[in-house]
Amino acid sequence: MIYLDYQATTPLAPEALDAMLPWLRDQHANPHSAHRPARAAKAAVEVAREQVAALLPPGGRVVFTSGATEALNWAIKGTTGPIVTLATEHAAVLDTVAAEAAKGRAVTMLPVGADGLTDLEDARAAIAVGTGLVAAMLVNNEIGVIQPIAALADAAHEAGALVLCDAVQGCGRVAIPQNVDLVAISAHKIYGPKGIGALWIRDGVALEPLLHGGDQEGGRSGTLSPALCAGFGVAAALMKEREAKDRAHIEALWELATRLLRLPGGSRGLVGRAADWAPASAGEALKSGEYRLNGSPTHRYAGNLNIRLPGLDVARLMSDLRDFAFSAGSACASGSGRPSHVLRAIGLTDAQARSSIRLGWGRYTTQAELTGAITRIDAAARAQA
């Protein structure tokens with residue numbers, strides 16, 4: 001099985017597993033108790049908290065949660081005042097915002113352009129004085145587009161609003177702006193375990209509790225798992241330590257994939273780069289076709305390739321390629337039968353959205369695996385013609 005679904009979840013780093021095993025096998029104390037084993041568990045939790053905090057802006061605190069969905073729910077429901085958010089946000093934001101709207105809270109939904117980016121002038125006009133919260137995703141989970149979070153935060157602060165940054169896909173990969181107020185992250189998107197995430201809260205920001213029953217985390221109730229915390233912490237430390245190495249590897253895979261698929265402007269798909277399209281080398285190119293990139297070719301994360309091929313039957317493609325793991329959209333929408341709300345928001349028709357696939361790679365993807373996968377995917381796609 002070749003795994004190309006890194007946006008849905010990442011493989012667990014072996015180092016993170018090693019950090020977890022003692023707490024799962026031998027050390028079972030509750031970190032919120034007072035005896036010596038509990039103090040050791042508490043110390044492990046605090047080490048992990050420091051490791052996670054190193055990936056986040058200074059001047060705030062890390063509160064462990066059950067995952068990013070809880071963190072986003074808490075950040076949204078724990079604030080007051082009108083909300084401004086984007087049409088391409090994750091369902092954990094959009095559904096939570098909809099629930100708040102059903103209770104009478106005012107919501108403004110900002111559209112995006114064909115490149116997936118919000119228009120800053122429109123955003124500034126929408127973020128009026130009195131706005132309570134601006135919620136925006138750093139790196140989109142479906143199309144990899146990087147939003148101008150720092151500029152949105154400036155506009156929000158001018159209006160007196162707080163800023164929630166969903167950094168689940170960007171944490172450790174794309175710099176999180178220093179001027180945000182709340183940041184949600186998830187361990188299993190940075191090679192850590194599932195079942196744990198965190199909300200970073202800027203000093204001085206107060207949220208109403210989402211959960212009640214002990215206040216173990218100072219605003220968040222519930223017994224923490226030292227094992228999950230330890231795995232999360234080591235995964236975060238590895239993201240920090242390997243940041244440059246991982247980036248170079250992922251960008252090299254992007255260049256390989258876009259050359260193989262002959263995507264127009266494909267080699268421009270790294271933020272801030274202005275290189276011309278580099279044609280594939282001899283023996284590397286596949287049959288030229290009409291693949292098109294979904295989302296901005298420049299303001300994007302290089303580990304996410306969302307493309308479409310007119311007429312492609314994605315369900316059939318995935319059935320034909322059961323030894324490959326890739327996505328027809330975000331994992332949260334898989335099986336719904338509905339076209340991606342993100343692809344619709346950038347102006348794609350239902351047919352275009354349904355002919356799109358998402359390939360995601362990361363630390364453990366090899367060039368040989370990616371070459372083989374794209375060769376097979378391309379051949380199976382063209383066999384449908």
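**Notes on the predicted model**

1. Let's start with contacts (heavy atoms within 4.5 Å). Residues 24 or more positions apart account for 73% of the contacts in the protein chain that have a separation of 6 or more. Bear in mind that this is a predicted model, where local features need pLDDT of at least 70, side-chain atom pairs count only at pLDDT 80 or more, and totals for chains, interfaces and linings use all residues. Residues are numbered from 1 along each chain as its sequence is written, and side-chain values use heavy atoms, with hydrogens and water left out.

2. Now the overall shape. The radius of gyration (taken over C-alpha atoms) is checked against a globule rule of 2.2 Å times the number of residues to the power 0.38. For 385 residues a compact globule would come out near 21 Å, and the protein chain agrees, because it has 21 Å. Of those 385 residues, 55% count as buried, meaning under 20% relative accessible area, with exposed over 50% and partly exposed in between (1.4 Å probe, protein chains only).

3. On to secondary structure: the protein chain has 12 helices and 12 strands. These are DSSP runs, numbered from the N terminus (helices H or I, at least four residues; strands E, at least two).

4. Have a look at the open sheet of seven strands, which runs S2-S8-S7-S6-S5-S3-S4 with mixed pairing. Two strands pair if DSSP finds at least two bridges between them. At the edges sit S2 (60-65) and S4 (107-110), each pairing on one side only. Inside the order, S3 (residues 83-86) and S5 (residues 133-137) pair in the parallel sense over three bridges, and Val84 has Val134 in S5 as its bridge partner. Helix H4 (residues 91-102) packs on the sheet and touches S3, S4 and S5.

5. Next, salt bridges (a side-chain nitrogen of Lys or Arg within 4 Å of a carboxyl oxygen of Asp or Glu). The whole structure has 18 of them. In helix H2 (residues 36-53), Glu46 and Lys42 lie four residues apart, about one turn of the helix, and their side chains meet at 3.1 Å, N to O.

6. Which residue does Arg202 meet in a salt bridge? That's Asp181, at 3.8 Å, N to O. This pair links distant parts of the chain, 21 residues apart: Arg202 is in strand S8 (residues 197-202), while Asp181 is in the loop between S6 (162-166) and S7 (182-186). Asp181 counts as buried because its relative accessibility is 6%.

Note on methods. Axes are lines fitted to C-alpha atoms, for helices over the stretch in contact, and angles run from 0 to 180 degrees between N-to-C directions.
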